[in-house]
Amino acid sequence: MLDDGTNPRKRKRMSSPMEREGAPATSASFKKHEALYLEDGNVIMCAVNATGEGIAFRVHRSILASVSPVFADMFTLPLPSENESHEGLPVVRMPDQADDLEMLLMILYHKTALPSDHLDPRMPHAVRPILVIACKYEMENIREQIVSIVKKAWPSSLQCWDRMEAEIKAMNRQWHQQHDCARDYSCRDPLDAHLPGPVAAISLARDCDIPEILPAAFYHLSRLSMELGPDGSEHDERIQRAYFFHGERTAKWKSLAGEDYYRLFVGRKKLREAVAKEIEAWPKDYHENRIAEEDLFEDCSEAGIHEFVSRIKGSIRTNQDTLSVLLQFIEEADTTTLFCCDCAWGFIEDINELRARVWEHLPEYFDL
Ligand SMILES: [Zn+2]
Ligand SMILES: [Zn+2]
């Protein structure tokens with residue numbers, strides 16, 4: 001976004017270059033970045049990487065100013081005479097990690113691309129530093145690109161959620177064929193490791209202000225077992241691999257904040273209670289108030305309806321993935337011989353409405 005002076009957000013002026021502790025004393029002792037020390041660049045940005053090494057990037061003021069009003073502001077300020085310079089160019093000491101700055105500049109200079117697939121396993125942890133830095137320097141375009149992919153992985157509509165679930169299910173069916181994995185549970189490359197993690201998504205939502213992704217991330221977390229994955233309580237690798245073979249998902253439980261555990265447990269309980277209550281209120285049969293031929297009800301027995309409802313209740317109690325359980329029963333209602341078409345349609349309508357309500361109330365259940 002170009003600055004037209006109307007941006008109401010407060011902007012930090014970066015008039016004085018900031019120095020990090022342990023940064024090399026002079027810009028001459030910074031190592032020139034191999035790909036980003038451009039001959040015709042007109043500003044030198046220096047930053048220190050995680051190992052304490054100073055890295056210099058020679059880039060273009062116009063490019064940075066065009067994508068960031070913060071940089072635009074910084075470059076319009078007259079450079080004080082005592083300011084550092086190198087090879088006749090102004091030097092800006094950046095407070096950011098050199099590695100993070102490198103990732104951002106690589107994208108700006110089209111030397112690397114942002115992940116474009118919402119199921120990219122690099123999402124969201126690999127884009128996190130870029131997103132943080134893009135927010136800091138108000139690089140709206142880059143921020144929006146990343147946020148839109150993150151939102152796709154943690155959708156805010158049930159329709160998109162269902163579509164993504166079907167996509168992952170299909171991937172899972174083909175997964176082991178792709179690496180000729182034997183059926184002896186020897187798979188060392190589970191699909192789970194290639195899908196975005198919910199705990200990282202929750203922390204990204206909080207740190208980078210993307211609250212829209214929280215309901216889907218919490219729902220996903222609420223259906224996972226705490227036994228699986230590197231942070232899980234199950235230490236028998238063979239058992240873990242057996243689960244992964246069937247597409248089980250994991251979470252980095254040790255990185256989840258205490259208050260989010262509380263949200264998770266309370267939310268899971270509230271969700272199940274709400275669903276159980278709604279199911280209790282369903283009609284015993286759906287014949288009433290319907291205009292239909294008497295003989296349509298021929299195959300319909302109260303016992304069949306009762307059996308169907310108790311199976312739904314049982315599955316809700318034993319399976320944490322309520323939305324998926326309900327979806328399965330929609331399919332079953334469509335094909336069952338337990339009751340008549342009228343009752344089938346009644347159940348399908350009610351289950352659909354229940355799923356929609358569960359999704360709608362996720363922020364309430366999980367206190368988001
Ligand atoms: Zn495999
Ligand atoms: Zn019926």
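**Helix packing and burial in the predicted model**

The secondary structure of the protein comprises 14 helices and five strands. The structure described here is a predicted model. Of the 368 residues in the protein, 32% are buried. Among contacts between residues at least 6 apart in sequence, 68% join residues at least 24 apart.

The largest nonpolar core contains 76 residues. Within this core, the residues with the most contacts are Met 45, Leu 101, Ile 130, Ala 134, Ile 146, Val 150 and Ala 217. Helix 13 (residues 341-360) supplies the largest share of the core, namely seven residues.

Two of these core residues, Ile 130 and Ala 134, belong to the contact that helix 4 makes with helix 5. The axes of helix 4 (residues 128-136) and helix 5 (residues 140-153) come within 8 Å and cross at roughly 140°, and the crossing is left-handed. On the side of helix 4, the contact is made by Ile 130, Leu 131, Ala 134 and Cys 135; on the side of helix 5, Ile 142, Arg 143 and Ile 146 take part. Classified by type, this contact has six nonpolar residues, no polar residues and one charged residue. Ala 134 is in contact with Ile 142, Arg 143 and Ile 146, and also with Leu 104 and Met 139, when its neighbours within four places in sequence are left aside.

Burial in helix 4 involves Ile 130, Leu 131, Ile 133 and Ala 134. The buried residues of this helix pack against strand 5 (89-97), helix 3 (98-108) and helix 5. Helix 4 is followed by Glu 138, whose phi is positive, near 55°. Glu 138 is a residue other than glycine and is placed in the loop between helix 4 and helix 5. With 20 other C-beta atoms within 10 Å, Glu 138 is buried, since the threshold for burial is 20 or more such atoms.

A positive phi in a residue other than glycine is also found at Glu 87, where the value is near 50°. This residue lies in the loop between strand 4 (85-86) and strand 5. Glu 87 has 11 other C-beta atoms within 10 Å and is therefore exposed, the limit for that class being 12 or fewer. Thus Glu 87 is exposed, whereas Glu 138 is buried.

Helix 7 (residues 198-207) is mostly covered, with seven of its ten residues buried. The buried residues are Pro 198, Val 199, Ala 201, Ile 202, Ser 203, Leu 204 and Ala 205. These residues pack against helix 4, helix 5, helix 8 (214-222) and helix 10. Just after helix 7, Asp 209 takes a positive phi of about 55°.

Helix 10 takes part in a further helix pair. The axes of helix 10 (residues 258-280) and helix 11 (residues 302-318) come within 11 Å and cross at roughly 175°. Helix 10 and helix 11 are therefore roughly antiparallel to each other, because angles over 145 degrees are counted in that class. Arg 272, Val 275, Ala 276 and Ile 279 of helix 10 form the contact with Val 309, Ile 312, Lys 313 and Ile 316 of helix 11. These residues divide into six nonpolar, no polar and two charged.

Helix 11 also contains His 306. This histidine is partly exposed, with 14 other C-beta atoms within 10 Å. His 306 and Lys 284 are separated by 22 residues in sequence and by 7.6 Å in space, C-alpha to C-alpha.

In helix 13 lies Ile 348, which is partly exposed, with 16 other C-beta atoms within 10 Å. Apart from neighbours within four places in sequence, Ile 348 is in contact with Ile 330, Ala 333 and Asp 334. The C-alpha atoms of Ile 348 and Glu 332 are 9.3 Å apart, the two residues being 16 apart in sequence.

Key
Residues are numbered from 1 along each chain as its sequence is written. Chains are lettered from A and ligands numbered from 1 in the order in which they are written. This is a predicted model: local features need pLDDT of at least 70, side-chain atom pairs count only at pLDDT 80 or more; totals for chains, interfaces and linings use all residues. Axes are lines fitted to C-alpha atoms, for helices over the stretch in contact, and angles run from 0 to 180 degrees between N-to-C directions. Helices (H or I, at least four residues) and strands (E, at least two) are DSSP runs, numbered from the N terminus. Angles under 35 degrees count as roughly parallel, over 145 as roughly antiparallel, 65 to 115 as roughly perpendicular and the rest as oblique. Two residues are in contact if their C-beta atoms, placed from the backbone, lie within 7 Å. Ala, Val, Leu, Ile, Met, Phe, Trp, Tyr, Cys and Pro count as nonpolar, Asp, Glu, Lys and Arg as charged, and the others, Gly among them, as polar. A crossing is left-handed if the near helix is turned anticlockwise from the far one by less than a right angle, and right-handed if clockwise. A nonpolar core is a set of buried Ala, Val, Leu, Ile, Met, Phe, Trp, Tyr and Cys residues joined through C-beta atoms within 7 Å.
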